[in-house]
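Here is a friendly tour of one protein model, written for someone who likes to know the cut-offs. Please have your viewer ready.

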Amino acid sequence: MKVNELQILTVSDLVLGGQALARHEGRVVFLDRGLPGDRVQARLTRMRRRYAEGRLETVLESTARRVPARCPHVAKCGGCRFQDLDYAEQCALKQRQVRETLEHLAGIAEPRVLPIVPAPEPFHYRNKMEFGFAPGPDGEPVLGLHERGAFDRLFALDTCLIASPLTVEIVRATARFAAARGWRAWHPRLHTGVARHLVVRHLPLTGQCAVHLVAASDELAGLEEWARTIAALSPEVRSVTRILNHSHAQVATGEDERVLHGDPFIVERLLGLEFEAGSAAFLQTNSRQAEALYQAALDAADPSADQTVLDLYCGAGTLTLLFARATRETIGVESVAPATESARRNAARNRIANASFVTGESRQVLREWARGERPGAPKPDLVVVDPARDLKDFVAHGWRLDQVAPFDMFPHTPHIECVARLLPA
């Protein structure tokens, strides 16, 4: 086996993270694509002592599990890697991967893994999408998504089946406007150009939509006219803003935001509470499945009115406020100051007075409370940790994993969300 060599391989499995797994001459080969049962031709791209990596060139024989992909971009898009795998098979795969990860990586014998909760809608479920600009071969701006495995290559978007139809309409309208007005697209390698990203957040439970254009400067012809054009597409478009990003980093955020139309933020409703969503706010990107996830966390914790809850890495306070409705007091800890400010506004919006928020890195805040260096140390009855990626360490320090509930938040992708309940050993 040599780099750049073509090999005929049979895919035997999919590993955590989405790579296809095959074996050849006693060595594991990880492929960028492929489904279990596929017989493929692949080009080897990297050789290591214990494994090799390859790029799928051709599917010679398809697995019976393969279904026709509905999206025309699925072969090159970096998003929906498993759209051509039957959805029930996707869920079964993720269920097994959760169990195997707990057993093999965390060393937890016979973990209690509840049946995975499928997404209510396997398509059009994402409430936030980030699109990029890049110079096309003729100099015109291209607006679309990244090709799989490439930070500097985009393809023009024709459609997207995990975004809302309004989101796709906004992208198409922006692409037409940018081409007509001669917007210069940002070049990720040369760091030239102006138009960088388009972020669309369309919240399904309230129907409100926000559109954020990230640019290197205000040198975009017709910026206010563009905002009016986008706002006219639907009354659901409540906010259109321009965000400046002068850095070289390929991120869809910035340091200066100007409202071009409507309000500075929109609002989503989860389990009866309202949460603001500005350009930098974190909300679960699958609102309907998020409600099921949060309800599972509440059910697993089974909070009571005499308890105090500590919510670490609380973000904008979503779980903090949901727990506050059922407990005496909740304290959220979050390192990002704008997030804790948003959390306080969310508490006021929902008239919740028994929730407070602390700005600081959670581990450092806990140490300062333990040493008496920070006032107001709570005595929690329940602790919510998001994310909890260190179950092995928790178990080593006297906790027992009682159960894990997997949720498919992102159909057609390798990502999995879980709610885990830990009890004293």
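This is a predicted model: local features need pLDDT of at least 70, side-chain atom pairs count only at pLDDT 80 or more; totals for chains, interfaces and linings use all residues.

Residues are numbered from 1 along each chain as its sequence is written, and side-chain values use heavy atoms, with hydrogens and water left out.

**The helix pair**

Let us start with helix 2 (residues 165-181) and helix 3 (residues 223-231), whose axes come within 10 Å and cross at roughly 155 degrees. Helices (H or I, at least four residues) and strands (E, at least two) are DSSP runs numbered from the N terminus. The axes are lines fitted to C-alpha atoms, for helices over the stretch in contact, and angles run from 0 to 180 degrees between N-to-C directions. Helix 2 and helix 3 are therefore roughly antiparallel, a label used for angles over 145 degrees, with under 35 counting as roughly parallel, 65 to 115 as roughly perpendicular and the rest as oblique. Helix 2 contributes I170, A173, T174, F177 and R181 to the contact, and helix 3 brings E225, W226, T229 and I230; contact means heavy atoms within 4.5 Å. By class, these residues are 5 nonpolar, 2 polar and 2 charged. Here Ala, Val, Leu, Ile, Met, Phe, Trp, Tyr, Cys and Pro count as nonpolar, Asp, Glu, Lys and Arg as charged, and the others, Gly among them, as polar.

**Empty space**

Rolling a probe the size of a water molecule over the atoms shows where empty space is left. On a 1 Å grid over the protein atoms alone, a cavity is a set of points where a 1.4 Å probe fits but cannot get out; a pocket is an open set with protein on both sides within 12 Å along at least five of seven lines, and lining residues have an atom within 4 Å of a point. Grid points are joined across faces, edges and corners, and a volume is the space filled by probe spheres set on the points.

The whole structure has 1 cavity of 30 Å³ or more. Two linings can be set out together:

| Space | Volume | Lining by class |
|---|---|---|
| Second largest pocket | about 720 Å³ | 17 nonpolar, 12 polar, 4 charged residues |
| Largest cavity | about 50 Å³ | 6 nonpolar, 4 polar, 3 charged residues |

Of the 33 residues lining the second largest pocket, G78, G79, M129, E130 and L145 are the closest to its centre. Strand 6 gives this pocket the largest share of its lining, 5 residues.

**Single residues**

F30 lies in strand 3 (residues 27-31). Leaving aside neighbours within four places in sequence, F30 is in contact with V15, Q19, A20, L21, Y51, A52, E53 and G54.

L271 is not a glycine, yet has a positive phi of about 50 degrees. L271 sits in the loop between strand 13 (266-270) and strand 14 (273-277). Y313, also not a glycine, has a positive phi of about 55 degrees, and is found in the loop between strand 15 (308-312) and helix 5 (318-324).
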